[in-house]
Amino acid sequence: MQLELSPADAEFRARMREFFTTKVPQEIRDTVLDGRHLTRDQIVESQRVLNAEGLAVPHWPTEWGGQDWTDLQRHLWHEEMQRAGVPIPLAFNASMIGPVIAQFGTEEQKARFLPDTANLDIWWSQGFSEPDAGSDLASLRTTAVRDGDDWVVNGQKTWTTLGQHGDWIFTLVRTDPEVKKQAGISMLLIDMTTPGVEVRPIELIDGGHEVNEVWFTDVRVPGDLLVGEPGQGWTIAKFLLGNERVGVAPVGATKRALAGLKTVAAAQMEDPMVRARVAELENQLLALELTALRVVAHSAGGEPHPASSVLKLRGTELQQAVSELALDLAGPASLASRADEDSPQEGWARRSAPTYLNFRKASIYGGSNEIQRQIISRTILGL
Amino acid sequence: MDFTYDDEQQALREAVRGLLATAYADHDARRRTVADEPGFDRALWGRLAEMGVLGLPFAEEHGGVGAGPVEIGIVCQELGRVLAPEPYLASVVHAGGLVAALGSPEQKADLLGRLSAGEVVLAAADTSPGGRWASRADGVRASVSGDTWTLDGVADPVVAGGSADVLVVTAALPDEGGTGVFVVDAADVERTGYAAADLSRAASVRFAGSAATPLGAPGRDLAPSIATISDLTRIMGANQSLGVMQSQVRATTDYLKSRKQFGVTLNTFQALTFRAADMYVSLELAHSMVDWATMTIAGGDREAVAEAADRVGLEVSRAGRHIGQEAIQLHGGIGMTAEYAVGVGTAHLEVLDQWLGNAPHHLSRLAGRVTDHELVEALS
């Protein structure tokens, strides 16, 4: 057992820290650090800066831009990005569909999509959830029916995050209604400009436009946009969701948010009750960060550490807890959440209520925290 | 950065686990042992000495093994796992730690040599009645006449104080001179032993002109060193708590799989399995902090160790209460009985916390320093 990073890893971390804090535009980083919304252009610009340095998709196969890093290096990369306020490469591209195409796609699909996906020349959306298929994803009903070389898609997806920016959407569709429900699912890549695709915004409790419904009406999709084999969609989805869980505990960002509160609400740090809440949260975040490091250290052989499911569960709880603290520190100032920019209330305080409300999503998405408890009790404890 | 044990550490774990399993594999053996004086198994203590476990922290020149904090942590975890009542933390880690840090070469060779060999039991007397984790003594006062030192006052609780042969006592020095540390022969004091909630032993110790030998050079204010040894003991106590909590989670999981109610096993009920999952979350987070705090000791920085002791103390206290309470609740009535280990384990977790530092204490100290830093750094 040893606490220090090896000299090579320490140097790696220093290199990441320097790049992220000097090469990514300050305006973009300030937007993240202040907790403001990034524009589409900012997200794209940031990812392209990273991609030019080979830092956008380090976990992909090396022939498509991957870096062949150790799990620890990948962890350090991820933490340092959050610490510096650099937007994490768009998850739909970098963590979800990219690895899927690299693993299951045809050579033609790889060449056509992977470079553009890494560079965010294509903005991908995720078309998995449906109104009656959330955690129970296998119940999805959107259909794709063969018609010559094409598939004809009908149905509705929901919770399509940032779908208003999407160029393409990767979807799970039912291609065979006759077999066991998991076996009848396939994955299709769909150009969102195709006739019959309609994106409708969903207004959320924080007032923002973050998610959408996507409707498909007789949408014709060329047959060469099927990923893998017909009926292989469930296997692909499990592979994709397994990737999604990596880095799902936003420790660096939550630490940064908590540290920011100490600065913006400095006067309240004199209050012993506030100090105690901050100290408690700092300790819990340290325990979580150390657990993430333990998981990374044990993942070297390819087998994830069983404690990895703790990360999503606890990571989102702490993310939410820090947003609660911010709201309490803001107090009456938080009422000005939809006031104009010339409001006398400070920005962080005005954003505190929408942020608190927005982060309620964290314990729902990516496999709700109840699903995580199910995983822990079944697969780890054998209950 | 590496959170794994090497082969030798793994071998140590297996050896200690094996020895303790022969003594305490079933909880009845522990119950029989704590029922009679001295509250632990002297034969087992001797076998721990033969294995080198009692001398683990001490330099070879003083009769010890010269092992590091990770090895000592492993021993403490294994002791916790079976709720072993042997006073390893009190005698070896705490009192022995004071001697190793402050004693003269002769005192170290003598006391640590005999402690390592299992010939004497030491106990640290550093708490006054009503006192709370202070490194400044206020219950015992030292007087000096020529070269002769004597002590007066009361220390309580003194963990393992009833069975100790030698007491290592913190006492207020004359003329507001700070806190000194003294070695006192147990024959020169008046002791009243008692059992704590987990049936481990402590004592009330009264000094009345008791002859005392200063540890190291006389007359120095040793409060900072005393605090550091307390911090180290706190971290090792957290290792012991980790062992207890691991057993609690395992026992609870096994119970949910085997116990039938309404014709089905308890793990059929999701409300119960979710609570077990939350116990596991607490356990793994505490485990990470225990490993980190233990590794922090190797860096040797006193302030870093103090910080680590507070952080692990807070985390383990919170986790211990959660896991201990849930272990009893999910076992139902059987968890309330003395014949079953889970309830006693919950008591042991509390005894460790209230002895070494509870959550409000550590949180208060951390809260006092919260604006001294921007971020808490896990890796230097």
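Before I start: two strands pair if DSSP finds at least two bridges between them. I'm also keeping in mind that this is a predicted model.

**Entry 1: strand S5 of chain B**

I went to S5(B) and its neighbours. Seven bridges join strand S4 (residues 166-172) of chain B to S5(B), and the two run antiparallel. To get my bearings I looked up one facing couple: B:Val169 stands opposite B:Phe182 in S5(B).

Then I checked S5(B) against strand S7 (residues 201-214) of chain B. I found two bridges joining them, and this pairing is antiparallel as well. Here B:Val183 is the residue that stands opposite B:Thr213 in S7(B).

How many of the seven residues of strand S5 are buried? I looked, and six of the seven residues in 179-185 are, so S5(B) is largely enclosed by the rest of the structure.

**Entry 2: the hairpin turn**

Next I followed the chain from S4(B) to S5(B). The hairpin they form has six residues between the strands. One of the residues in this loop between S4 and S5 of chain B is B:Asp175. I noted its backbone: B:Asp175 has a positive phi of about 60 degrees although it is not a glycine.

Is B:Asp175 buried or exposed? I read 75% relative accessibility for B:Asp175. The cut-off for exposed is over 50%, so B:Asp175 counts as exposed.

**Entry 3: a positive phi in chain A**

I moved to chain A for another residue of this kind. A:Leu120 isn't a glycine either, and its phi is positive, near 60 degrees. I traced A:Leu120 to the loop between helix H6 (107-118) and strand S1 (124-127) of chain A.

A:Leu120 comes out at 3%. Buried means under 20%, so A:Leu120 counts as buried.

**Entry 4: cis peptide bonds in chain B**

The bond from B:Glu37 to B:Pro38 is cis, and I noted omega near 5 degrees. Where is B:Pro38 found? I placed it in the loop between helix H2 (27-35) and helix H3 (42-50) of chain B.

I also wrote down the bond from B:Asp156 to B:Pro157, which is cis with omega near 0 degrees. B:Pro157 sits in a strand, namely S3 (residues 148-159) of chain B.

Conventions: Residues are numbered from 1 along each chain as its sequence is written. Chains are lettered from A and ligands numbered from 1 in the order in which they are written. This is a predicted model: local features need pLDDT of at least 70, side-chain atom pairs count only at pLDDT 80 or more; totals for chains, interfaces and linings use all residues. Side-chain values use heavy atoms; hydrogens and water are left out. Buried means under 20% relative accessible area, exposed over 50%, partly exposed in between (1.4 Å probe, protein chains only). Helices (H or I, at least four residues) and strands (E, at least two) are DSSP runs, numbered from the N terminus.
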